[in-house]
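Please open the structure in your viewer and keep the sequence panel in view. This tour goes from one selection to the next and says what is there.

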Amino acid sequence: MRILLIEPDPILAKLYIRALHKENFEVEWVQKAEKAIIAADTKKPDLVVLELDLPSHNGVEFLSEFKSYSDWEKIPVIINSFDSSTLLKYKTNTAELLNIKAVHYKPQTTISDLVISIKKFLPNYAQAS
Amino acid sequence: MSEGNARLFAALAENLKLPLVQIAQSAELGLENTEYIQSIAKNALKIIDGYQMSLKESDSQFMLPLEPVAVPLILLDVANDLSAHAGMYDCKVVLDYSTRLIPAMANKAALKSALLNLGQGLISATSQTDEQHKSITIAAHHSANGIVAGIFSNMKGINKQLWYGGKSLYGKARIPIPQISGGSPAGIFIADKLFEKMSSTLRLTHHNNLPGLAATLITSSQLKLV
C-alpha cells in the first residue's frame, strides 16, 4: 500500500518514513504541492498525508487541484499540519466533500496517532493485513 | 508588551513548534542519536536567545552598545555553530570573506545571534528547494558604506518582493514568507530587530550573484588609525 507524504520539513519526513516503513507501507515523499501532483499521477497513491503549510503553493491549493480530477476524488486524505486555523475549517465544513478522513494538529499528534489514522482510512487495509 | 514585541513573540511561538515536534517525535521513535536531538534543541535555544536580546525594543531609544568587531571571526563562529543544523538538512555551509576586512562597528553577541538566526531560516528554506546541491553562504564584503555581512543562498525565489512582503505580513499572517514554511521564520525577523538595534538594516542583497539577507555595518575608523 502506497502513501503519498507531503511534508516540507526533511527531519519530520524522515521520522514519518521510518515509522511507515516499519508498518510495511511504501512511502512517496515530496515537499511541494507541484511535486505532489506529479507524484500522485505517477505513483498512484492509496492515501495522501498532507501538511497545509507548504512552500509556494500551499496545501489548500494542492487539495483543490488534486480533488478536481475524477481519478483522485476517492483517494483519502489525512491532514497533518501546524496550521490550526485552517484545520478547524476542514473539521467543520468541507472535509466530506474533499474526502478528508482525519485532521491532525501536529503539535498534539504522535506518530502512532498518525499511523492509526492511516491504517483506519486506507482503503482495503484490513483485508490486506 | 509593545505591538512589535507581541508580533515577534507570536512569530517565535509559531517557530518553536517545529523543533519541539521534531524532538517529541524523535523521542517517540526511540532514536538513539542523542546528538541529533541535542542539536535541534540547541538551535531552538539560539532563537530564544536572539529574541531575548531583541526584547529591549520596548524602549524605542535603546541601542545595543557597539564596539570594533572582527567580522571574519564572527562568521567562522556562526559557520561552526550552524554546521550540525545544516547537516541535518543536507545543506552545505560555505564561508566566503576577504581576509582584508577591516573591523566593523557592531555588538559582537547580537551580530552572532542575528547571523545564526538568519542562517537557520535560510537552511530551512533551502531544504525545501529542488536544488541538487543545497548550500548557504555566510559572507562579508566591503561596500561603499561599510561591511556587508549576511547569509546568502543558491535557492531560487529570494527577492525583494519576498522580503518586503514578508516584513509587512509578519505578525499578521502565519506564514509571512511562503518560501520559508514549516513554521514561521521568526529567526529572520529577530535578526532584523537585532540589526536595527545596531543602527543597521537587514535588506535583500547579493554576494557574488547569490541572493541573501545582509546588513551593512559601518567600519571602525578608530582602528583604521592604528
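## Stop 1: a serine in chain B

Select B:Ser26, which is found in helix α1 of chain B, a helix made of residues 3-28. Keep in mind that this is a predicted model. Is B:Ser26 buried or exposed? Its relative accessible area is 0%, and buried means under 20%, so B:Ser26 counts as buried.

Now show the side chain of B:Ser26. It reaches the backbone oxygen of B:Gln22 at 2.7 Å. Next, display the residues around the serine. Leaving aside residues up to four places away in sequence, B:Ser26 touches A:Leu15, B:Leu31, B:Tyr36 and B:Ile37.

## Stop 2

Select α1(B) together with helix α2 of chain B, residues 34-54. Their axes come within 9 Å and cross at roughly 170°. Angles over 145 degrees count as roughly antiparallel, which means that α1(B) is roughly antiparallel to α2(B). Colour the residues in contact: on α1(B) they include B:Leu8, B:Leu12, B:Gln22 and B:Ser26, and on α2(B) they include B:Tyr36, B:Ile37, B:Ala44 and B:Tyr51. By class, the contact of α1(B) with α2(B) has 14 nonpolar, 5 polar and no charged residues.

## Stop 3: a leucine in chain A

Go back to B:Ser26 and move to A:Leu15, which it touches. A:Leu15 is found in helix α1 of chain A. With 2% relative accessibility, A:Leu15 counts as buried.

Which residues does A:Leu15 touch, not counting residues up to four places away in sequence? In chain A, A:Leu15 touches A:Ile111; in chain B, it touches B:Gln22, B:Gln25, B:Ser26, B:Leu29 and B:Leu31. To try the distance tool, pick the C-alpha atoms of A:Leu15 and A:Leu54. These residues are 39 residues apart in sequence and 18 Å apart in space.

## Stop 4: two helices in chain A

Select helix α1 of chain A, residues 10-22, and helix α5 of chain A, residues 111-121. They pack at an angle of about 55°, with their axes 11 Å apart. That angle makes α1(A) oblique to α5(A). The crossing of α1(A) past α5(A) is right-handed.

Show the side chains where they meet. From α1(A) come A:Leu15, A:Tyr16, A:Ala19 and A:Leu20; from α5(A) come A:Ile111, A:Leu114, A:Val115 and A:Ile118. By class, this contact of α1(A) with α5(A) has 8 nonpolar, no polar and no charged residues.

## Stop 5: another serine in chain B

Select B:Ser113, which lies in helix α4 of chain B, residues 108-126. B:Ser113 is buried, with a relative accessible area of 7%. Apart from residues up to four places away in sequence, B:Ser113 touches B:Lys46, B:Gly50, B:Met53 and B:Leu194.

## Stop 6: a last pair of helices

Select helix α5 of chain B, residues 160-169, and helix α6 of chain B, residues 186-196. Their axes come within 11 Å and cross at roughly 90°. That makes α5(B) roughly perpendicular to α6(B).

Where they meet, α5(B) has B:Trp163, B:Gly166 and B:Lys167, while α6(B) has B:Ile188, B:Phe189 and B:Asp192. By class, the contact of α5(B) with α6(B) has 3 nonpolar, 1 polar and 2 charged residues.

Conventions
Residues numbered from 1 in each chain as written. Chains lettered and ligands numbered in written order. Predicted model: local features only at pLDDT ≥ 70, side-chain atom pairs only at ≥ 80, totals over all residues. Heavy atoms only, no water. Helix = DSSP H or I, 4+ residues; strand = E, 2+ residues; numbered from the N terminus. Buried < 20%, exposed > 50% of the residue type's maximum accessible area, 1.4 Å probe, protein only. Polar contact = N/O pair within 3.5 Å; in protein donor to acceptor, adjacent residues only side chain to side chain. Contact = heavy atoms within 4.5 Å. Axes fitted to C-alpha atoms, helices over the stretch in contact; angles between N-to-C directions. Parallel < 35°, antiparallel > 145°, perpendicular 65-115°, else oblique. Nonpolar A, V, L, I, M, F, W, Y, C, P; charged D, E, K, R; others polar. Left-handed = near helix turned anticlockwise from the far one by under 90°.
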